[in-house]
Amino acid sequence: MSCFKLLRAGIISCVVLSFLAGCSSKSTVQTPQKKPEVKPQTNAGRYSMQHDKAPINPPDVSKVPNAVPRYEPLSRGGNRSPYEVFGQTYHILPSAKGYKEQGGASWYGLKFHGHLTSNGEVYDMYEMTAAHKSLPLPTFARVTNLDNGRSVIVRINDRGPFHEGRIIDLSYAAAYQLDILRNGTGRVEVEAIVIEPSWSDNIAAAKPAPSQTQEIRTQVRTASPVVSLDRRYLQIGAFSTEVAAKRAQTQVSNLSAGVPVGIYPAQTANGSVYRVKIGPFNIGDSLDSLMARLQSAGYHSAHLVDRP
């Protein structure tokens, strides 16, 4: 009887051990392995920051001069029509002439500073520029704050804002002078300023008879709209690297007819920007021939600025 009990106890022990081993093996198989955590890439994409913001230690932009309206041909980039953003289709106006509209304005700053605009220029938030969804690039426009009457002139060289109810996206400098920075948006009126091309822009297309050539040359000298009203500089571009700026300086020096071409670096919270400028020009200097040479060389965005 004692032997029988011992045998039964041994059998039961084996069964229990087998059951426990089976449970342990089953538990190991079914336990899911923890996947490695995937952190979001906040700096992925075109821009180095996720959200736009104002510069930390900005320069005084209260005296940044208005953009100087002048005739410019359409940019090679940014004028394709129609185009699509966020599933919405937009059409470019055939002309800025007669454009006048009221609506919301916003501004864009450090996130986009130093990056290319829609027409291929470098965005400088300390210049008087703006973005618009449908006006041809570039277009000069007067922007008036309807709440305080303040007004600035900007050069539109970018596309946006793609938000309902907003008609223009201002540079940091333009928004500051209109007192829109604090609220982020404001009610404005945008009115395009259209400068018709001078005689020099139409000579090649008109192909005048030899007897008319002298008369036309006289008209060009007396009717040119691109003149320096004071000691101003002609900015031909802003570059994110000094190497690119020096390359442009070398090329433009061959076109400037002896006028100095300088590189003017500016340190910003987002890095350095190197502006290439020709000048200074004296009062009344005609810039038509220089502008024609620059455009032939591919510099279509040259514009007058007050500061070196």
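**Notes on the predicted model**

1. A buried pair first: Arg275 counts as buried because its relative accessibility is 10%, where buried means under 20% relative accessible area, exposed over 50% and partly exposed in between, with a 1.4 Å probe and protein chains only. Its salt-bridge partner is Asp124, with the closest N and O atoms 2.1 Å apart; a salt bridge here is a side-chain nitrogen of Lys or Arg within 4 Å of a carboxyl oxygen of Asp or Glu. The pair links distant parts of the chain, 151 residues apart, since Arg275 sits in strand 11 (residues 271-281) and Asp124 in the loop between strand 3 (100-107) and strand 4 (129-131). Asp124 is also buried, at a relative accessible area of 4%.

2. On the basis of these values: this is a predicted model, in which local features need pLDDT of at least 70 and side-chain atom pairs count only at pLDDT 80 or more, while totals for chains, interfaces and linings use all residues. Residues are numbered from 1 along each chain as its sequence is written, and side-chain values use heavy atoms, with hydrogens and water left out.

3. For the overall picture, the chain has 6 helices and 12 strands, these being DSSP runs numbered from the N terminus (helices H or I of at least four residues, strands E of at least two). Of the 308 residues in the chain, 41% are buried. Among contacts (heavy atoms within 4.5 Å) with a separation of 6 or more, 75% are made by residues 24 or more positions apart.

4. Salt bridges that share partners join Arg70, Glu72, Glu121 and Arg155 into one network. Within it, Glu72 meets Arg70 at 3.7 Å, N to O, and Glu72 also pairs with Arg155, where the closest N and O atoms are 2.9 Å apart. Because Arg155 lies in strand 6 (residues 151-158) and Glu72 in the loop between helix 1 (2-30) and strand 1 (83-85), this second pair ties together parts that are 83 residues apart in sequence. Arg155 counts as buried at 2% relative accessibility, and Glu72 does so at 9%.

5. The largest nonpolar core has 34 residues, of which Val143, Ile156, Ile168, Leu170, Ile180, Val188 and Val190 touch the most other members; such a core is a set of buried Ala, Val, Leu, Ile, Met, Phe, Trp, Tyr and Cys residues joined through side-chain atoms within 4.5 Å. At least two residues of this core come from each of strand 3, strand 4, strand 5 (139-145), strand 6, strand 7 (166-170), helix 2 (172-177) and strand 8 (185-193). Helix 2 gives the most, with 4 residues. Apart from this core lies another, of 21 residues, including Leu234, Leu287, Met291 and Tyr299.

6. What does Val188 touch, leaving aside its neighbours within four places in sequence? Its contacts include Glu101, Val143, Thr144, Ile168 and Ile180. Thr144, which lies in strand 5, counts as buried at 19% relative accessibility, and its own contacts beyond four places in sequence include Gly149, Arg187 and Val188.

7. Strand 8 pairs with two strands, and pairing here requires that DSSP find at least two bridges between them. Strand 3 and strand 8 run antiparallel and are joined by 7 bridges, with Glu101 having Val190 as its bridge partner in strand 8. Strand 5 and strand 8 also run antiparallel, over 6 bridges, and here Ala141 has Ala192 as its partner.

8. Strand 9 (residues 232-239) is mostly covered, as 8 of its 8 residues are buried. Antiparallel to strand 11, it is joined to that strand by 6 bridges, and Arg232 stands opposite Phe281 in strand 11. Strand 9 also pairs with strand 12 (residues 303-305) in the antiparallel sense over 3 bridges, where Leu234 stands opposite Leu304.

9. In helix 6 (residues 288-296), the buried residues include Leu290, Met291 and Leu294. Seen down the axis of helix 6, its buried residues fall within an arc of 160 degrees, so they line one face of the helix; the arc is that of the directions from the helix axis to the C-beta atoms. Gly298, which follows helix 6, has a positive phi near 100 degrees.
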